[in-house]
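Here is a quick walk through a two-chain model, with the structure shown below. Have it open in your viewer while you read.

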There are 2 protein chains.
Amino acid sequence: MTPSSLAASLNPGSTIGILGGGQLGRMLAQAAARIGLHAHIYCPNPEAPAFEVASAQTIATFDDREALQKFARSVDVVTFEFENIPLEAADLVSEQVPLYPNRKALEISQDRGVEKAFIKQLGLNVADWWPIDSADDLANALTQCAAPALLKTRRLGYDGKGQLALDQNSDPAQAFEHIDHQPSVLEKKISFEREISVVLVQGSPNQIDCYDLPCNLHKNGILHSSTVPSGVPEKLDQQAKDAAMKIAAALDYRGILAVEFFVKEDENAPQLIVNEFAPRVHNSGHWTLDACSCNQFENHIRAVAGWPLGATTRHSDAQMTNLLGAQVLDWFELAQHPDVVLHLYGKAGIKAGRKLGHMTKISPIGAKIQTN
Amino acid sequence: MTPSSLAASLNPGSTIGILGGGQLGRMLAQAAARIGLHAHIYCPNPEAPAFEVASAQTIATFDDREALQKFARSVDVVTFEFENIPLEAADLVSEQVPLYPNRKALEISQDRGVEKAFIKQLGLNVADWWPIDSADDLANALTQCAAPALLKTRRLGYDGKGQLALDQNSDPAQAFEHIDHQPSVLEKKISFEREISVVLVQGSPNQIDCYDLPCNLHKNGILHSSTVPSGVPEKLDQQAKDAAMKIAAALDYRGILAVEFFVKEDENAPQLIVNEFAPRVHNSGHWTLDACSCNQFENHIRAVAGWPLGATTRHSDAQMTNLLGAQVLDWFELAQHPDVVLHLYGKAGIKAGRKLGHMTKISPIGAKIQTN
């Protein structure tokens, strides 16, 4: 018997199982605790930052069937903080207990090729792309593309990892070698005017709501900052929300879903191109912690626990900036800024590019925040 | 050697020791984690709600010298969530590690008689009062008072416990019997127009800041709700802040300090009467969690860790209402209100009058919140 869905709302005192123990798992556990739900974190890393704020911990790998089953039996629902949970682990867990977001969302988001085909089939725009399984595929694709492009592994890429910028003069064999001959996609580089994302929450089929859209700035493939309001025209804003809700509907979704878009200047009107989606809480939604009464983490927990969704209303303008690697050493100075809310993830060890915290500048609605 | 004060700011990754593991300790631990500090909770109650959100736990009584010493050695600074920590425990701990707020604040706040004398000596108003050590003392005091009065134990009273309302017709022997012959004070009942409190944070001697004052409503001796803005005239507001800062200065204070006042209508101008102070985070400051960028819990942690204080600025109007006993069963309905932020403390077992959570209604500044 597969307990495919929750029969009712989980009472306070119930336990949310969370696969993954990074900063997203940590902030999910904190959100659960705030509304009287316990969190059980499952993570292979004994130093996982989520452990210290959760009521129960399992240190085990995602192929440890016994540990997964024991974990599933000890919780009332399972969710995850990242989309690269092996499907076998998700399946094993969901034999015992409901899993939200569902397997379909997980499966599609794990493969860039499948994801792009899925989005396109919904009538939404994606960048031109070619599946790549060999250096020959790549050579052909580069010719067809005839423009700067990005080679991205189909699986396990994040924060710019598993990506390579190419142009027509690039050597296909060398490039394919560089990504370890992994199944990939070649993606035509979009010359975009800006990047935005929709962070939405879907509860029961009739309950869906979007947070205000942030304008996102990436540096070296890693999110640098997210600013709300985004400054995009209202019509485009609504188009993006409609596109994201279309994806959620097609996935029969439950939880927080983040959809990233490029905004491309066109002769007639700006055009939206879907970059990718993430079936989880998202870095571009961290500003909701300090600018909304119900943040993305609490709303994700509410959704997977079958609770009424919280309001996505924004009480302040906000700009979230990630603190990567040694930037976190500026904590004392940042803590002095009266309009900065500081978040540190309690990770031991500073590595370049590692997400160790973030800061949110908040200001009254309508007061100007500079996008840097 | 007594490490009387912190030599420097504690780096992220340091550990804050917290004596007491109720909801205040829980919210302190959550605030510490958010800024990358670990929390070690010391509490005799194995079911303490703070344990599940802290990185370390000690279950031991406050007279367990060995456990206290071990705890003190494992942390970088110690604070407490309630003022009835035995002084012997505080002293033992502070032999090893700085303790904030200091012993003086703890000692004075533990005895209503000492507290009132201390406040009066600072030139601030307190209600007329008489020390009571016997039924005869009480008989005399009732005659002198010649008005409705409250008999309160000098020690260990909270949330209306250890209190008895009396008038001239009350039987002194019976009343003193009722409070188990404990050393007490008789306090002339103030017919006040309203109750307000100042929640201030003091860091280093030059760093002090007050949150906006809430107007507080008590029911059956327990805080029912706190509303900001309070509606008191600006002059009175400033007088209350000045009085609270005077108390902080006299205590050589560090951390959050809460001072409760009665506002009494007078022929000429409203008069402020200090009810009591609490050397800790305070129920009347819970609204700061949802209406300020740096809430009272984070500011307490910042102060005791030697960090720069966070801004006490308020981005929203707020009304906090406690959820006592069975009121918490309304969680589902409350979770549906778009302007309500819900906080549940994860306590097992519903007892009448027990603080199991609170809710904060927030609204844009200037939009009217009804005080009920």
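## The sheet in chain B

In this predicted model, helix 1 (residues 23–34) of chain B lies across strand 1 and strand 2 of chain B, and it runs at about 165 degrees to strand 2 of chain B. Those two strands, residues 15–19 and residues 38–43 of chain B, pair in the parallel sense over five bridges.

Zooming out, the open sheet has four strands in the order 3-2-1-4 (chain B), with parallel pairing. Strand 3 (56–59) and strand 4 (77–80) of chain B sit at the edges, each pairing on one side only. From one strand to the next, the twist averages 20 degrees.

## Helix 8 of chain A

The buried residues here are Ala240(A), Ala243(A), Ala244(A), Ile247(A), Ala248(A) and Leu251(A). They cover an arc of only 140 degrees around the axis, which puts them on the same side of helix 8 of chain A. The face turned away from the buried side of helix 8 of chain A carries the exposed Glu234(A) and Lys235(A). The packing partners of the buried residues include helix 4 (103–109), helix 5 (112–121) and strand 9 (194–202) of chain A. Just after helix 8 of chain A, Asp252(A) takes a positive phi of about 50 degrees.

## Helix 3 of chain A

In helix 3 (residues 87–94) of chain A, Ala89(A), Ala90(A) and Val93(A) are buried. Their arc around the axis is only 100 degrees, which puts them on the same side of helix 3 of chain A. Leu87(A) and Glu88(A) are exposed on the other side. The buried residues of helix 3 of chain A pack against helix 2 (65–73), strand 4 (77–80) and helix 4 of chain A.

## Where the chains meet

The contact takes 36 residues from chain A and 36 residues from chain B. On the chain A side, helix 1 (23–34), helix 11 (331–336), strand 16 (340–344) and strand 17 (355–364) each supply at least two residues. By class, that side of chain A has 18 nonpolar, 14 polar and four charged residues.

Definitions and conventions. Residues numbered from 1 in each chain as written. Chains lettered and ligands numbered in written order. Predicted model: local features only at pLDDT ≥ 70, side-chain atom pairs only at ≥ 80, totals over all residues. Buried ≥ 20, exposed ≤ 12 C-beta atoms within 10 Å, placed from the backbone. Arc of directions from axis to C-beta. Contact = placed C-beta atoms within 7 Å. Pairing = 2+ DSSP bridges. Axes fitted to C-alpha atoms, helices over the stretch in contact; angles between N-to-C directions. Nonpolar A, V, L, I, M, F, W, Y, C, P; charged D, E, K, R; others polar.
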